[in-house]
Amino acid sequence: MEVALGLLALASVVCAGSALGRKINVSVPLLLVLAGVVGSFLPFVPDIELNPELVLVGLLPPLLYAAVLQTSLFDFGSNRRAIGLLSVGYVIFGTFAVGFVVWWLFPEIPLAAAIALGAVVAPPDAVAATAIARKVGMPRRIVTILEGESLVNDATALVCLRAAIAAIAGTVSAAGLAGGFLLAAGGGLVVGLAAAYVLTQLRKRIRNVAINTTLSLMAPFVAYLPAEAIHASGVLAVVVAGLVMGTKAPSMPNGAARLSQRSNWDTVQFLLENSVFLLIGLQVRTIIEGVQGDSLGAARIWAGCAVILLAVLLLRPVWVFPATYLPRLVPAIRRKDPAPPWQYAAIVSWAGMRGVVTLAAVLVLPADLEHRSVLVLAAMVVVGGTLTLQGFTLPSLVRLLRVQGPDQREDALNQASLMQLATAAGVERLQELRTDADPPEVMAMLKRRTQERGLAAWERLGRPSAEAATPSQRYAHLRLAMLDAERTKVLELRRGGGFPHEVLSSVLDRLDVEESMLDAAVEDLDMPSGGGGEGVAQPGGVCAHLESAPDPGVPAHPYCADCAREGTTPVHLRMCLACGTVGCCDSSPGTHASRHFDATGHPVMRSIEPGEDWRWCYEDDLLG
């Protein structure tokens, strides 16, 4: 009964804290950590001991898998050098650097134990980095690098921790250490690929949605447990399996299973991710009480923990800046991947929040280790300090450095263009499949519905919010009202007992499916596009600049000259229709297309990305 009540209380606080954080616009992870700290000192809250096996085996695999499912394998690959330097190089550097700092502060602690603490506090947490980075609205490349780092660095840290614990016991050698790293990396990679292959083949053949979804929920453990059994990296196996399966999922059959997987993993991630932060806070009182009788003395212990936290904060930029710019001294690397602005490196340096893996890993240290409680407190101080100092100040730093996140208007334009290309492919396939025997009304209905979906994407850019709803919005709102009336009627008939329960449930399920699709459409269409009053030029023609703009030819090999001169990388290219100048879009670091308009007043530009021919009037904020 106590376990059930504890789980119920945990879930209730998580839900309440998440709702409150969203309402008052405070970071939910940080709010839950503070709630846990307060709860740990309340007399009616029982002591909760964090079981390291529960975290490392029960929580870490599904949390990593849920995060990696949302990670692009292609983006991961394009940033593999930066991710590798952080997830492997920085973790090893931080392990030994922090270890020697701890040994210098507390010579009574064995060097191997000090290095073990360095391994514990070296890796930033996957959950903390992802949760805060996405809320802040960082550039996508920074988010990709932070996510990739936090997904892989736990594997490096846990291998370092194993080696340090073996050194404490006096059973480690240089050859054994090298072999352990090779086994961890190679074994984790092989097991992850094997698990992804087996599960993908099974899910292709299973049409039952419940079974298919269950296999998806089993996936992190199917990858983690065999890898750990052969002393390979279970974390790396989970990441590899998740990357492969997440990439292959959209091309697999059974769309209902994909929707079910997405919905179930969203729920699992929400509960586990937020419970982790609450559990971090709930450990505070127990950990503080554990050092009260230590022979090192309270003042020395707390001062040492503060220095360790400072070292953790300072060592990250010491690694990040050279790791960012030194490889670009090689001409081939510099040409392929120009150096990012220094602001990017500054943000990556400050986005190093530690989390529950650090707390769980420190509890793996041998119970008879001298001054073990001091090492546990130091890990707690690093977790709490980084979550508080970096978590609370990271949004302000991003605003101070004026680093732009993804531009919503640019995303809406790209979404509309992509939907237009997909719609054209669908209509083309329809023309290939149609026969003379097909009823004309069926062909007309298919074409109309397909084109309406594509037009809805353009309508997001269509009219200022103060004007009347777009046709798609009006359709969605009216259809939702109709569905509500239909459901009310079915429920009324159910009370009458005139229809079998199975028939009623089937009809209600169909209504629910359509309603869920319309809810998503309404949310998507109601989303602000970021420009305030921008819109699409209506058929009657409301923008003289768009109507009178010339149409110069697109260069054979277009590039943004300003980006080339400044050493920045464009995301998409635009061309001024007045003078033919090519500039980068508003999602690019330079925003040279908009700056060209500010400098010249030339009102209209067009996209020169492959397959795109839309125009934009800066003067009237209209798309044509």
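This report walks through a predicted model of a protein chain, from its overall make-up to single residues.

## Ground rules

Since we're looking at a predicted model, local features need pLDDT of at least 70, side-chain atom pairs count only at pLDDT 80 or more, and totals for chains, interfaces and linings use all residues. Residues are numbered from 1 along each chain as its sequence is written, and side-chain values use heavy atoms, with hydrogens and water left out.

## The whole chain

Let's start with the big picture. The chain's secondary structure comes to 25 helices and six strands. Helices (H or I, at least four residues) and strands (E, at least two) are DSSP runs, numbered from the N terminus.

The chain has 624 residues, and 46% of them count as buried. Here, buried means under 20% relative accessible area, exposed means over 50%, and partly exposed is in between (1.4 Å probe, protein chains only). Now take the contacts (heavy atoms within 4.5 Å) with a separation of 6 or more: 76% of them come from residues 24 or more positions apart.

In soluble globular proteins, nonpolar side chains tend to be buried together. A nonpolar core is a set of buried Ala, Val, Leu, Ile, Met, Phe, Trp, Tyr and Cys residues joined through side-chain atoms within 4.5 Å. The largest one in this model has 119 residues, and Leu117, Ile280 and Ile308 have the most contacts inside it. Helix H18 (residues 372–400) gives this core its largest share, 13 residues. Another core lies apart from it, with 14 residues, among them Met575, Val582, Cys584 and Leu622.

What does isoleucine 280 touch, leaving aside neighbours within four places in sequence? Its contacts are Gly355, Val356, Leu359, Met380, Val383 and Leu387. Val356 turns up again as a contact of valine 276, along with Leu59 and Leu63, not counting residues up to four places away in sequence. Valine 276 sits in helix H12 (residues 255–282), and it counts as buried because its relative accessibility is 0%. Leucine 32 is 244 residues away along the chain, yet its C-alpha atom is 9.0 Å from that of valine 276.

Helix H3 (residues 52–69) has 18 residues, and 13 of them are buried, so the helix is mostly covered. From first C-alpha to last, H3 reaches 25 Å, close to the 26 Å expected at 1.5 Å a residue. (The expected span is 1.5 Å times one less than the number of residues.) H3 also has a kink of about 40° at leucine 60, shortly before proline 61. The bend at a residue is the angle between axes fitted to the seven residues ending there and the seven starting there.

H18 has 29 residues, which should span 42 Å at 1.5 Å a residue; its end C-alpha atoms are 40 Å apart, which agrees. Where is the kink in H18? You'll find it at leucine 394, shortly before proline 395, with an angle of about 45°.

Strand S4 (residues 604–607) has partners in S2 and S5. Strand S2 (residues 573–576) pairs with S4 in the antiparallel sense over three bridges, and strand S5 (residues 615–617) also pairs with S4 in the antiparallel sense over three bridges. Two strands pair if DSSP finds at least two bridges between them.

On the S5 side, arginine 606 stands opposite arginine 615. Both faces of S4 are covered: Val604 and Arg606 on one side and Met605 and Ser607 on the other are all buried.

Most residues other than glycine have a negative phi. Histidine 231 has a positive phi of about 65°, and histidine 371 has one near 60°. Histidine 231 lies in the loop between helix H10 (209–229) and helix H11 (234–248), while histidine 371 lies in the loop between helix H17 (356–362) and H18.

Histidine 371, at 8% relative accessibility, counts as buried.
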